[in-house]
Amino acid sequence: MTTAPMNLLSEWIVRQAGEEGAWFASRLHSLSSGAASEQDLHIFLGLIPRKLGKQDLALTSEDVRRAELAHAGWRPQGWSIDGAARVAALIGYQGPRPFADTFKDLRRTADAGELIALYRGLPLYPEPESLAFEVGEGLRSNMRAVFEAIAHDNPYARDHFDEHRWNHMVLKALFVGSRLSPVVGLDERANPELARILLDYAHERWAAGRAVSPELWRCVGPFIDSLDALDDLQRVMSGTETERKAAVLALTVNQSPRARSLLAASPEVARLVSEGHVDWNNLLQSEAA
Amino acid sequence: MYIDPHAHMISRTTDDYEAMAAAGIVALIEPAFWVGQPRTFVGTYVDYLSTIVGWERFRAGQFGIRHYCTVGLNSKEANNEELAEGVMEWLPRFALKEGVVAIGEIGYDEQTALEDKYFRAQLALARDLQLPVMVHTPHRDKKRGTSRSMDVCEEMGLDPSWVVIDHNNEETVRETLDRGYWAGFSIYPSTKMGNARMVELLKQYGGERIIVDSACDWGISDCLGVAKTAQLARQQGIDEATIRKVTYANALEVYGKSGQINESDWLDPPGIDQRTLFEGNSILRGGREPRIEVPGKQRGDSLLIE
């Protein structure tokens, strides 16, 4: 049976909060009554880390499964208990103004931890389309953790971004040294314009003598033919071990004879890929190991 | 391991953060202040407060320094009544943010009626929210302004053990300590305290309730004021316990009353804190000896920019 995200969050927080669980539940209840003011909301948001602490939210694999059922693509792994409680407060709060107005006001005065919580909750808020401007402000943030609150483990971008915004989010992730594998919907939202932007970006990096993230080629792979990118993939193939794996992963989705022959030149890696030992999600982990 | 409990990093460069981390600064407190030019809109003031609770904290974290701040309406801008009224409406929201360790820096500049009005209003706010206070004492008519600041704190019902009277000098320190306040000293060339004078004061007064800070800002000032004072004190034979009090433990004790600054924040940080991207302190991680380097040294030493 599916449980609403709000109820899941409450359940997890109360379970972990010990004595303060009752405080949280009763304050949340009064915020949802329709009689609470925005000041009540501000005070509650301010008190949350003081009362509940800032530990990681302790989740079981069953919790994670229920989160996926409650909202496709929602991955609360890595959330903190205070962040989860703040998101629950925002979902629960019944105020007189449109949700986006309340959100804007909170975002303008948020500290670093609050910004991250506000943006992690994006997929779960009412009227998600109305938050387009606010999301733009978060994407433009120079605080990497704030940007990642939107870009990583969050299905809002996949579900609501237009192509231009999506493409620039992916490009920025690479530009600030962030990972691509936690981006929800990366393969579903692949498009030729993004592949072109990323290929240009790779050329720019090479010209400057800088490294190119192996993850970049994931978004180029499906468009190798239209971009005439086989020379580039050949160059990646001759790079580091991780780059070779990335090139193989990208070439695997291309059917041209030249792609086949490039793959044939790296039979070891090609075998690891075809047997499922190497994929885009573990590519950088194997580099660290 | 030092804390600089008064540093306006919004006016400083990354070279300074690097030099401070290398010199052993593990945490610093950024008081809200006058940025060198008056703000004329409430909104710019609000954005400034947002910056010191958010962006500046992130910037410091990249260099392994934990960043805290105080929020308040400074004395100069208290003289713009329209601005002051607006800021006072927003302040309570910022006072409850994470890492806000006090209301400050507040107090007198020219000791006008409006300065007095908003000083008192903010003391009441600190009292009601149970937050410590950082008092800026005036540059001019200093001795009387300092006494008056303490009079007003007491009139407003504050406990002196929750109040830091900052920018003390030889003329004000006795009264500050005798009345039970914490005495801050800003090691700031030309206009405030020099570190050789500071060491003499430590010889005379010891380390109880004395706090050394740099107050580095947009003026000619030294972000290594705390580390250099500790080193000079050591050379002059001041005992380690006293040095530790005035460059670390005292600030931690008084601002710790807020519940928003804990030693474990830097002694026991996660490897990389995913939620704030705090990079951990390289000195603590690698066991390197703190060293005092000229800020910007990197710029001078290397011709190559990669």
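Domain bounds, as used below, come from an automatic or database domain assignment. The structure treated in these exercises is a predicted model.

**Exercise 1. Domains and overall form**

Determine into which domains chain A is divided, and state how far apart the C-alpha centres of domain 1 and domain 2 of chain A lie.

Solution. Step 1: the assignment divides chain A into domain 1, covering residues 1-96, and domain 2, covering residues 192-288. Step 2: between the C-alpha centres of domain 1 of chain A and domain 2 of chain A there is a distance of 41 Å. Step 3: for the chain as a whole, the C-alpha atoms of chain A fill a box of roughly 70 × 35 × 35 Å along the principal axes. Step 4: chain A contains 19 helices and zero strands. Step 5: of the 289 residues in chain A, 41% are buried.

**Exercise 2. A pair of helices**

Describe how helix 2 and helix 3 of chain A pack, beginning with the angle and the distance between their axes.

Solution. Step 1: helix 2 of chain A spans residues 20-31 and helix 3 of chain A spans residues 38-52; they pack at an angle of about 165°, and their axes are 11 Å apart. Step 2: angles over 145 degrees count as roughly antiparallel, and therefore helix 2 and helix 3 of chain A are roughly antiparallel to each other. Step 3: the crossing of these two helices of chain A is left-handed. Step 4: helix 2 of chain A contributes A:Glu20, A:Trp23, A:Phe24, A:Arg27 and A:Leu31 to the contact, while helix 3 of chain A contributes A:Asp40, A:Leu41, A:Phe44, A:Lys51 and A:Leu52. Step 5: by class, the residues of this contact are six nonpolar, no polar and four charged.

**Exercise 3. The contact between the chains**

How many residues does the contact take from chain A and from chain B?

Solution. Step 1: chain A gives 18 residues and chain B gives 18 residues. Step 2: on the side of chain A that touches chain B, helix 3, helix 7 (112-120) and helix 9 (144-151) of chain A each supply at least two residues. Step 3: this side of chain A has seven nonpolar, seven polar and four charged residues.

Key. Residues numbered from 1 in each chain as written. Chains lettered and ligands numbered in written order. Predicted model: local features only at pLDDT ≥ 70, side-chain atom pairs only at ≥ 80, totals over all residues. Axes fitted to C-alpha atoms, helices over the stretch in contact; angles between N-to-C directions. Helix = DSSP H or I, 4+ residues; strand = E, 2+ residues; numbered from the N terminus. Parallel < 35°, antiparallel > 145°, perpendicular 65-115°, else oblique. Left-handed = near helix turned anticlockwise from the far one by under 90°. Contact = placed C-beta atoms within 7 Å. Nonpolar A, V, L, I, M, F, W, Y, C, P; charged D, E, K, R; others polar. Buried ≥ 20, exposed ≤ 12 C-beta atoms within 10 Å, placed from the backbone.
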